[in-house]
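I opened this notebook to record what I looked up in the structure shown below. The entries are grouped by topic.

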Amino acid sequence: MGLEEKLPDGIILASVEGLANWARTSSLWPATFGLACCAIEMMATGAGRYDLARFGMEVFRPSPRQADLMIVAGRVSQKMAPVLRQIYDQMANPKWVIAMGVCASSGGMFNNYAIVQGVDHVVPVDMYLPGCPPRPEMLMDAILKLHDKIRATPLGPNRVKAIERKGLPIIPYEKPADFAVREREEAEERTARAGGPGAAR
């Protein structure tokens, strides 16, 4: 015996938190951000065969101010990293990130100085998607798992407490100029370790 038995048909009881998370889950708008071959699979996912419109995600937004999901599809170079961070900062809160493919997740086969070894060095990642490249079905599975995560996300003070309890890292904002300075300092440090610019080759 509960209150729901006393209510007439057509009335649903829910918490504000549950309704807000349901609305966010049902209207994720991805940012158009394809970097390499994984972007082809991402485009196939939005096409008619797989049809992301079933999840309210058929519109890949050209503006970060209209998007709340960034699918990083492909490898991220050192030069692209500050651009990616700038687009992430321009997206409206709350926002989420999927690292699509092994290159975005960990650098993949590109283990060199030019490629960021995991996009989580630049933006916080909510879902890692393996594969080279991952199939559209895998991307849809990652999106559905992200839906589950969003539905379970607490709001307001409860959200802050949950983040503190889990000890999640908060990646600070870094301007492109600061990124370039840090990159130059690291290059100078590598040169000094190798014996300086006049060292024998």
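Predicted model: local features only at pLDDT ≥ 70, side-chain atom pairs only at ≥ 80, totals over all residues.

I call a residue buried under 20% relative accessible area, exposed over 50% and partly exposed in between, with a 1.4 Å probe and protein chains only. Residues are numbered from 1 along each chain as its sequence is written, and side-chain values use heavy atoms, with hydrogens and water left out.

Entry 1: salt bridges.
I counted a salt bridge where a side-chain nitrogen of Lys or Arg lies within 4 Å of a carboxyl oxygen of Asp or Glu. How many salt bridges does the structure hold? I found six. Side chains of opposite charge can pair when their charged atoms come close.

I looked up the pair Arg 193 and Glu 189, whose closest N and O atoms are 3.1 Å apart. Both residues belong to helix α8 (residues 176-193), where they are four residues apart, about one helical turn. I took helices (H or I, at least four residues) and strands (E, at least two) as DSSP runs, numbered from the N terminus. Arg 193 is exposed at 60% relative accessible area, and Glu 189 is partly exposed at 46%.

I noted a salt bridge between Arg 135 and Glu 137, with 3.5 Å between the closest N and O atoms. Arg 135 is partly exposed at 43%, and Glu 137 is partly exposed at 41%.

Entry 2: helix α4.
Arg 85 and Asp 89 form a salt bridge at 3.3 Å, N to O. The two residues lie four apart in helix α4 (residues 81-90), about one turn of the helix. Is Arg 85 buried or exposed? Arg 85 is buried, at 7% relative accessibility, whereas Asp 89 is partly exposed at 30%.

I then listed the buried residues of α4, namely Ala 81, Pro 82, Leu 84, Arg 85 and Tyr 88. They cover an arc of only 155° around the axis, so they sit on the same side of α4; the arc is that of the directions from the helix axis to the C-beta atoms.

Entry 3: the sheet.
Four strands form an open, parallel sheet in the order β1-β2-β3-β4. Strands β1 (30-31) and β4 (127-129) are at the edges with a single partner strand each, so one side of each has no neighbour in the sheet. I counted two strands as paired if DSSP finds at least two bridges between them. Two bridges join β1 to the parallel strand β2 (residues 69-73), and Ala 31 stands opposite Met 70 in β2.

I checked how enclosed β2 is: five of its five residues are buried, so the strand is largely enclosed by the rest of the structure. Leu 69, Ile 71 and Ala 73 are buried on one side, and Met 70 and Val 72 on the other.

Entry 4: His 147.
Where is His 147 found? I located His 147 in helix α6. His 147 is buried, with a relative accessible area of 4%. Beyond its neighbours within four places in sequence, His 147 is in contact (heavy atoms within 4.5 Å) with Thr 25, Leu 28, Phe 55 and Met 57. A polar atom of the His 147 side chain lies 3.4 Å from the backbone oxygen of Thr 25.

Notes:
Polar contact = N/O pair within 3.5 Å; in protein donor to acceptor, adjacent residues only side chain to side chain.
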